Amino acid sequence: MSVDIYKINPEFRDIMPQEIIDLEENATWAGESVEKRGINDLTDKKEILEEHSLCAGCPEAAALRYILAALPLPEETIIVNSTGCTSLMFPHIALHTVHSMFGNQNAVASGIKRTLDWRFPDKTKDVVVLAGDGATIDIGLDYTLQSFFRQEKITTICFDNEVYANTGGQESGSTPKGQVFKMAPKGKVFDKVPMWELAVTSGVAYSVKLTASAPKKVAKVLRESILIAREIGPTYIHLYTPCILEIGLAANEGLWEMKEQDKDRFDDFKYVSDEAADYLKKCKKEGLL
Amino acid sequence: MSIKNMTKEKNWSGQKLVSTDYLLFEAPREKHFMTGSEVLKEAIKRCTVDASVSYPITPQSEAAHLIGELWAEGYVGLYFRGENEFGVMSEVQGCAMAGARTVTTTSGPGTLRAMENFPTWSGTRIPCQLILMARGINSPLTIQPDNLEVSFLLETGCMIWYAENVQELFDMSIAAFTVAEKPDVHVPIITAVDGFFVSHTREAVMLPADDIALEPYDPYAAPLPPIDSEMPPGRFLRDPFVMKSNYISYATHASWQWEVRSAVERSKPYARHYLNGLVHTTGEENAELVFVACGTAVHQAKEGQRELAKLGIKSKVVKLRTIRPFPHAELLEATKNAKYIFVPEFNVVGWLDKEVRTSLYGKSDAKIVGRPRVAGGMSMPAEAILKEVFENTNLKGA
Ligand SMILES: Cc1ncc(C[n+]2csc(CCOP(=O)(O)OP(=O)(O)O)c2C)c(N)n1
Ligand code: SF4
Ligand SMILES: [Mg+2]
C-alpha cells in the first residue's frame, strides 16, 4: 500500500505506545519521494527495529539495523526469516515479516514473491530472505540453491557467524576447517563451504561476501542487491556477523573481529553479472543509488 | 493473463462469478465420464484459483499436470514445479500467506517428506487445500493404494475430508475452499481420496458448466493479515513470546494450538451445509450390524451390505466424510442401534478403527471390530467383509 498503513487511527492515538507513534512521526519511509533513506538515519530517526534480545554487542543486531535503515522501500518490503538467533529480533521489526520453519526460508519467499507479482502487477514489492549460515547453507541449502536455479526475484542475505549459535555453538558447514566446536570435538574436518561461489554457479545476478564492519558498505550492497532482484534475478549477500559468545569475545570486540576477517576469510568477493552491471549504471543515472 | 482482467462479475479468465451454493446445488449439470484426476481439473477450473505448486509422484502426478494445463489455459494465476515436497509445501505456504487461493496435490512418500509443513500451515491459519491421493509408504517401495499416510496427518491441525468417489472429489474440493476460507475457520484443508481407486478410475459424474466459477478469495477477511504490506504489520510485537521461559509464552503457545483445533471444530456447521452432512448412511436404518468407513472402503462395505441383504441379514453403512473435524454426534446417532460395528480399512494400523473407538468410548455397547484391514495395494472384496462378519458375530444367514 503505502506509508499510510503506519498512520494511527486518531481515535486510538492516546492509547498507542510511544514507539508506534514514533514510527508514524519520525521513521524514514520511502514514500512518494526519491529522497534516500540510509544508515545516517540511525542517529536521529526512529528505527524499524525496536528493541531486541540478542547478546549485548552481537554483530547480528548491528547488521540488521544497517540493513533495515538502508532498505530502499521498507513499506513494501517483506522479510522472510528462519530459526536462529536472528529470529529473536524479527518480532520487533515493524514490517511484514515471516518466520516459518528452520531452512525453508527461500521456498516460502518464492511463494510470497510470485503471489505478490500476481496480485499486484503494477506495484514494486521487495522480498528479502535473512537467515543464518546453518539455515542457508546446511539444512536449507536445497531451497536456497533451487530458488537461485528458478531465478526467483528475491534477495537472500546470509548472516554467517560460522556456527549454529542459537542451539549453543555447534559446527556448521560454514565453520572454518580445524575449528573446535560442539559436534566437532576434534576440530572441523572439511573446509568452509564457499556459498558466495555456489550462488554464482547457481545463477544469481549478484553475489557479495563482506563483513558488517563498515555500515555504509553494507548499506550500498543491500540497495544494489534489492534493485537488481527487482528487475534482473536472484541476488545473494554473504555477511560475516561473528558470534562473539561462541568465540569468546567481549561485547565491544565484534567490530575488531570483523575488521580482522576483512583481510582473511571475508576479504572482498563481488560478482555482478553483465546485465546487472548495466542495470546498476541505469539506476545510478536515475538517482536510485 | 492478468488479475487486472477481473471485474465484479467475472474472474480473470472470463468465467462468471457465482456463489458456492449456486455452483454446488443450483447450476444445471450434465453427465460426463472421467477419472478422479480429470475431475479435479474440472473442479479447480471452477474455483478461481490463484496459485498451485506441483511435484511428481504416482498416483497424483496426472492431477498436478492437469492443474498445470489450467495455468497454461489461463484459469490458474501461477503454477510451477517445486524442488521436492518439503519445498512445495513451503512454497504453498508462501503463496497462501501472501493472499493466494492455493492448491497442491501429493501422495504417500511426498506427504511424509513434507510433514513439518502441515502443522506450520495450520499454525499460520492459511486456508490452502491439499488434495491427497493416498498411496502406500516405504519400505519396501510401493506405489499401490493404501491410506496409512492419513494417520500421520490426523493431529496436524488441518481439516481432513475424505471423498469416496470421483463425484465426491469434484464437489468436496470446491466446498473445501469455501469452508476453509470462512473467517472463523481459516485453516488448511486436506481433501483425501484413495489413490488409483479414485484418481485413475473413470466414472459417470454430473458437472455444472465451466463458464462459472467461485468468487475470488478475500485475504482481508482473515484472522491474520496477509503478508503483502497492504495492512498494518499485525505481527509487530513488542515483547516476543518466542523462546521466552515464562508463563505468558507457554500460555500463548498452548492457547494458539487450542484455537487452531477450535477453528477446525467451527467448520462443522459450514461442512454440514456444503457436504449435505458430515456422514451419509445407506442400508437398513435400524440394523444391529453397522459398517463405519471412509473413502473407497465405503464402496466395498456397501457391496458387503448388499450381499448380506441377499442372505437376509440387515446391515447399514455409515460413511464418514469429515475425519477432522471428527463427526462425533453424527456417528453416535448413526450407531445408536448397533450391536456390532465393523471398520473396514485400507491400511495395516486401523487408524479409523481407533478414531471410532475413541469417539464411542463409554457411549456405545456395540462390539467394535477393526476388520477387514487390507493394505499394500490389496483389494477388499465383499467376501472378505462377509467372512469377518460371520467370524465375529453370531449372525447367520437365512
Ligand atoms: C528442523 C529443525 N532442526 C533443528 C532445529 C534447531 N535449531 C534451531 S536454531 C538452530 C541454529 C541456527 O543456526 P544458524 O542458522 O547458523 O543461525 P544462528 O543462530 O547461528 O544465527 C538450530 C540447529 C530446528 N529449529 N528445526
Ligand atoms: S549467541 Fe552469538 S549470534 Fe546469537 S545473539 Fe549471542 S553473540 Fe549473537
Ligand atoms: Mg550461524
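A salt bridge is a side-chain nitrogen of Lys or Arg within 4 Å of a carboxyl oxygen of Asp or Glu. In this predicted model, Asp228(B) and Arg119(A) form such a pair, with their closest N and O atoms 3.1 Å apart. The rule finds 6 salt bridges across the interface of chain B and chain A. Strand S4 (78-81), helix H4 (85-97) and helix H6 (117-123) of chain B each give two or more residues to the side of chain B that touches chain A. H4(B) gives the most, with 8 residues. By class, this side of chain B holds 23 nonpolar, 12 polar and 11 charged residues.

The contact between the two chains was also described by residues and by area. In chain B, 46 residues are in contact with 47 residues of chain A. The size of an interface is often given as the accessible area lost when the parts come together. Here chain B and chain A bury about 3800 Å² between them. Carbon and sulfur atoms account for 62% of that area. Polar contacts join 18 residue pairs between chain B and chain A, counting pairs with both residues at pLDDT 80 or more.

Chain A also supplies donors to a metal. The magnesium ion (ligand 3) has three protein donor residues: Asp133(A) through OD, Asn161(A) through OD1 and Val163(A) through O. Along the chain they follow the spacing D-x27-N-x1-V. Asn161(A) and Val163(A) are both buried.

Most residues other than glycine have a negative phi, and most peptide bonds are trans. A cis peptide bond joins Asn138(B) and Ser139(B), with omega about -5°. Ser139(B) sits in the loop between strand S6 (129-134) and helix H7 (149-153) of chain B. Another cis peptide bond links Arg324(B) to Pro325(B), and its omega is about 0°. Pro325(B) falls in the loop between strand S14 (322-324) and helix H12 (328-334) of chain B.

Met183(A) has a phi near 70°. This residue lies in the loop between strand S4 (155-160) and helix H6 (195-201) of chain A. Its relative accessibility is 71%, so Met183(A) counts as exposed. His186(B) has a phi near 50°. The loop between helix H8 (166-180) and strand S8 (189-194) of chain B holds His186(B). At 3% relative accessibility, His186(B) counts as buried.

Definitions and conventions. Residues are numbered from 1 along each chain as its sequence is written. Chains are lettered from A and ligands numbered from 1 in the order in which they are written. Side-chain values use heavy atoms; hydrogens and water are left out. Donors are N, O and S atoms within 2.8 Å of the metal (3.2 Å for Na, K and Ca); water is not among the atoms, so sites may look incomplete. Buried means under 20% relative accessible area, exposed over 50%, partly exposed in between (1.4 Å probe, protein chains only). Contact means heavy atoms within 4.5 Å. Buried area is the accessible area (1.4 Å probe) that two parts lose on being put together, summed over both. A polar contact is a pair of N or O atoms within 3.5 Å; within protein, one must be able to donate a hydrogen and the other to accept it, and residues adjacent in sequence count only if both atoms are side-chain atoms. Helices (H or I, at least four residues) and strands (E, at least two) are DSSP runs, numbered from the N terminus. Ala, Val, Leu, Ile, Met, Phe, Trp, Tyr, Cys and Pro count as nonpolar, Asp, Glu, Lys and Arg as charged, and the others, Gly among them, as polar.
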